[in-house]
Structure formats: C-alpha cells, structure tokens
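These are my notebook entries on one chain. I went through it from the overall layout down to single residues and wrote down what I looked up.

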Amino acid sequence: MKLRFGFVFIILFFFLNSCGYQLSANHIYLPDHISAVYVENPKNSTYEPNISIYLKNAIINDLRLEPNLRIVSNKSDAQAFIKTDIVSFSALPASYNASGFASMYSCSIIIKLSLIAKDGKKLISEKTLTSSTNYSTPSNTNINNINSIESAKLEATKATISDLASLIREELFMSSGF
C-alpha cells in the first residue's frame, strides 16, 4: 500500500511539474490595512468623449463587489487612491459586407492603472491594461443610419470598459504568481 502511494505521489509530482503547474501564493497589491479607496476621475488622453465618466462608474460598480472594501466619495477619507489614464481608444472596422460597408468593428481601449497609498507610496505604478470587444453593425448599414453604428459603438465601448473595470479589480485582489 505504501509503495502504491509513493508511486502515485511520484507520478503526480512529475506530471504537475511537467505541465508548468506550480503552487504559488496570490500576490495581492492592496494591503490588508487599506479598506477605503477613492477612485479619481480618469485622465482621458484620447479624443473619445465621455469615456472617462463610463470608466469611473464601471470601476466603482465593480469594486463594490468586494465585501472588505469601501469606495469613498471624499479623497480625505481614503487610505489609497486609484488613478487611471485612458491612453488609447480605437473603434476600427474588422470586416466588411458585400456592399463595402463595415459590418463588424473592433473596440480596443488601453489604460494605465496606478494605486497610491495615502502616504504617497506607489503600490501599482502605471500598469498597462488592455481590453477589446468586437461588435456588429446592423445588416443594412449605410451612411443614412449612422445613429445605429454609433449606438453599437457605444454599447461595445461600455462592454470594453466593464471588462477593464473587472481587470482592475483582479489586479487589486486576485493577481497570482501563475
């Protein structure tokens, strides 16, 4: 019985090491003593209007899912500050229909994330996060229904921003060494 257990253990050990799996503790950027954060207004380094408003709201809504964290509305009440800079926004055609009009676009947003403790110590310094979403336009797209294209773009932008907010929460709470 001991021989079988030892044999199984050795095989399991080699299998787990050969596939690249390793046991590792999670690396959490947000120290335990920080329970209140302030989300600063994102800097918008793009020409896309309102994108910073959508990003701030999405970050706040996503961080509210964390039971041990309070989002404060006054900077003086915070133990840390979340800063974001939207450095790139694009909504480019990804495919075209038979008429030559774009039928699918790709929305891509790149931000830089910083987490700064109240004492000024940088816990995260300008970490780049990227998210993309593909979206379709109505099948009868032409120059006359630009509103439907813009509506589809707005929905894709909000979905991409929501994904970025989730990535920010993962950076703060669930980053791992894997």
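**Entry 1. Layout**

I read along the sequence and noted the pattern α-β-β-α-β-β-β-β-α. That gives the chain 3 helices and 6 strands. I note here that the model is a predicted one.

I then looked up totals for the chain. Of its 178 residues, 37% are buried. The accessible surface is about 11100 Å², and carbon and sulfur atoms account for 55% of that. I also looked at contacts with a separation of 6 or more, and 70% of them are between residues 24 or more positions apart.

**Entry 2. Salt bridges**

How many salt bridges does a search of the whole structure find? I got 5. Side chains of opposite charge can pair when their charged atoms come close. I looked at several of the pairs in turn.

I started with Lys153 and Glu48, whose side chains form a salt bridge with an N to O distance of 3.4 Å. This pair links distant parts of the chain, 105 residues apart: Lys153 is in helix 3 (residues 146–173), and Glu48 is in the loop between strand 2 (43–44) and helix 2 (51–63). I checked burial as well, and both Lys153 and Glu48 are buried.

Next I looked up Arg169, which forms a salt bridge with Glu66; their closest N and O atoms are 3.0 Å apart. Arg169 lies in helix 3 and Glu66 in the loop between helix 2 and strand 3 (70–71), so this pair ties together parts 103 residues apart in sequence. Are these two buried or exposed? Buried means under 20% relative accessible area. Arg169 has 17%, so I put it down as buried. Glu66 has 15%, so I put it down as buried too.

Lys127 is in strand 6 and Glu171 in helix 3, 44 residues apart, and the pair links distant parts of the chain. Here the two partners got separate labels from me. Lys127 counts as partly exposed because its relative accessibility is 31%. Glu171 has a relative accessible area of 13%, so it is buried. I also noted that Asp62, Glu66 and Arg169 are joined into one network by salt bridges that share partners.

**Entry 3. Rings**

I searched for aromatic pairs and the structure holds 1. It is formed by Tyr105 and Tyr135, which are stacked, with 5.4 Å from centre to centre and 15° between the planes. Where do the two residues sit? Tyr105 is in strand 5 (residues 102–117) and Tyr135 is in strand 6, and the pair links these distant parts of the chain, 30 residues apart. Both Tyr105 and Tyr135 are buried.

One more ring went into the notes. The charged end of Lys75 sits over the ring of Phe81, at 5.0 Å from the ring centre.

**Entry 4. Thr133**

I looked up Thr133, which is in strand 6 (residues 122–136). Which residues does it touch, leaving aside its neighbours within four places in sequence? I listed Tyr105, Ser106, Cys107, Ala156, Ala159 and Thr160. Tyr105 was already in my notes as a member of the stacked pair. With Thr160, the side chain of Thr133 also makes a polar contact, side chain to side chain, at 2.7 Å.

Asn50 is not a glycine, yet its phi is positive, about 70°. I found Asn50 in the loop between strand 2 and helix 2, the loop that also holds Glu48. Its relative accessible area is 43%, so Asn50 is partly exposed.

The other case is Glu126, with a positive phi near 50°. Glu126 is in strand 6.

**Entry 5. Ala102**

Last, I looked up Ala102, which is in strand 5. Its relative accessibility is 9%, so Ala102 counts as buried. I also took down one distance: the C-alpha atoms of Ala102 and Leu92 are 9.0 Å apart, and the two residues are 10 residues apart along the chain.

Note on methods. Residues are numbered from 1 along each chain as its sequence is written. This is a predicted model: local features need pLDDT of at least 70, side-chain atom pairs count only at pLDDT 80 or more; totals for chains, interfaces and linings use all residues. Side-chain values use heavy atoms; hydrogens and water are left out. Helices (H or I, at least four residues) and strands (E, at least two) are DSSP runs, numbered from the N terminus. A polar contact is a pair of N or O atoms within 3.5 Å; within protein, one must be able to donate a hydrogen and the other to accept it, and residues adjacent in sequence count only if both atoms are side-chain atoms. Contact means heavy atoms within 4.5 Å. A salt bridge is a side-chain nitrogen of Lys or Arg within 4 Å of a carboxyl oxygen of Asp or Glu. Buried means under 20% relative accessible area, exposed over 50%, partly exposed in between (1.4 Å probe, protein chains only). Rings of Phe, Tyr and Trp (its six-membered ring) pair if their centres lie within 6.5 Å; planes under 30 degrees apart count as stacked, over 60 as edge-to-face and the rest as tilted. A charge sits over a ring if NZ of Lys or CZ of Arg is within 6 Å of the ring centre and within 35 degrees of the ring normal. Accessible areas come from the Shrake-Rupley method with a 1.4 Å probe; for residues, only the protein chains shown count as cover.
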